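I opened this model to look up a few side chains and the pairs they form. My notes follow in the order in which I went through them.

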Amino acid sequence: MVSESLVHACAGGAGGLVAMTATYPLMAISTRAAVDRSRKPGESLVQAVRTVLAEEGLLGLYDGLGSSLLGIGVSNFVYYFFFEAARDFILTSKRLTRSTTAALGTLTTLESIVAGLLAGSATAVASNPIWVVNTRQTVRTTRRTSEGAAAPVLRRLSFLATLRSIVEKDGVRALWKGIGPALVLVTNPVLQYTAFEQLKTWVLASRAAARGRAQPLRDWDYFWLGALSKLIATGITYPQIVIKARQQAISNDADRPQRANVWTAMTDVVHEEGLGGLYRGISSKLLQSILTAAILFASKERIYQMTKTLLAP
């Protein structure tokens, strides 16, 4: 019999692919804005899109899509697998230590945080090399010379070619650049899924109290609950997204030294660019994150139910 954790992991991975494909241009714009210091922090989303289209054409908005799909698929698979496994372990432990099974079907806020931390840490370590490759693919056409003039557009490389280039030029350790802020960003899904679970519990309880019986959530409910929970998480953790993108985008031979310490890297950005430097590209990132999370939650639940039906004896 297939385990619940595996079904959730497959559904999460497939849902992530659907969501990322639909919103990737927004992610690309956000990553470029976070890394490219020559652009104004307050540049509008529309102007950023126009700039990419004028300089690189439509394909410029999809640089790194392949590695991004691989990354989001692996990330969601690993996250959901470990989250559901941790959830099952916690609930099983509670049943073994209590004489009643009442009210043990959901996690408390603290339990959701613990499960999220374990799943997020495993995901960050496992998927970081993929996101390093994706960041290099996404920003390579926007590098500038020291005078600020546009540098020649570099030839687009495949995932494997980019991976080989990073290893040959910077060594294997470069595949884990940005792991510091990536681990800090574990709080993003923790905040997101904790908010989602608590909001979902509140909605279900409210509807049950108002209508006298339990009401299942609809696709639209998963959509707006996913969007709201992601808005909360991304708004709080965005500066770490900027730091991670910059660390992953810079080669070892770059003129600008990298700061391994997350706090020092943040203070350097504030000193050189002001507080706005920590929020470069946040408008497109928020829009992309909200849409991605909303589509992910809606599609994941539908895919989960379909998978359960297909695997049912």
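I began with L183, which is partly exposed at a relative accessible area of 39%, where partly exposed is the range between buried (under 20% relative accessible area) and exposed (over 50%), taken with a 1.4 Å probe and protein chains only. L183 sits in helix α6, residues 179-184; helices here are DSSP runs of H or I with at least four residues, strands are runs of E with at least two, and both are numbered from the N terminus.

Before going further I noted that this is a predicted model, in which local features need pLDDT of at least 70 and side-chain atom pairs count only at pLDDT 80 or more, while totals for chains, interfaces and linings use all residues. I also noted that residues are numbered from 1 along each chain as its sequence is written, and that side-chain values use heavy atoms, with hydrogens and water left out.

Next I looked up the surface around L183, and found that V125, V167, V172, W176 and L183 make a nonpolar patch of about 390 Å². A patch takes residues with over 30% relative accessible area and no salt bridge, joining nonpolar side chains (Val, Leu, Ile, Met, Phe, Trp, Tyr) within 5 Å and like charges within 9 Å. For the chain, the accessible surface comes to about 15,500 Å², of which 66% belongs to carbon and sulfur atoms; the areas come from the Shrake-Rupley method with a 1.4 Å probe, and for residues only the protein chains shown count as cover.

I then went through the fold, and recorded ten helices and zero strands. Buried residues make up 47% of the 313 residues in the chain. Among contacts (heavy atoms within 4.5 Å) between residues at least 6 apart in sequence, 79% join residues at least 24 apart.

As an example of a buried position I took S67, which has a relative accessible area of 2% and lies in helix α3, residues 65-97. Leaving aside residues up to four places away in sequence, S67 touches I130, V133, N134, Q137 and F159.

My last look-up was the charged pairs. Side chains of opposite charge can pair when their charged atoms come close. I counted a salt bridge where a side-chain nitrogen of Lys or Arg is within 4 Å of a carboxyl oxygen of Asp or Glu, and by this rule the count comes to ten.

One of them pairs R32 with E56, with the closest N and O atoms 2.7 Å apart. R32 lies in helix α1 (residues 4-35) and E56 in helix α2 (residues 45-56), so this pair ties together parts that are 24 residues apart in sequence. R32 also forms a salt bridge with D63, at 3.4 Å between the closest N and O atoms, and this pair links distant parts of the chain, since D63 is in the loop between α2 and α3, 31 residues from R32 in helix α1. I found R32 buried at 3% relative accessible area, E56 buried at 13% and D63 buried at 4%.

For K200 I noted a salt bridge with E197, the closest N and O atoms being 3.7 Å apart. Both residues lie in helix α7 (residues 187-211), three residues apart, which is about one turn of the helix. E197 is partly exposed, at 22% relative accessibility. Salt bridges that share partners join R32, E56 and D63 into one network.
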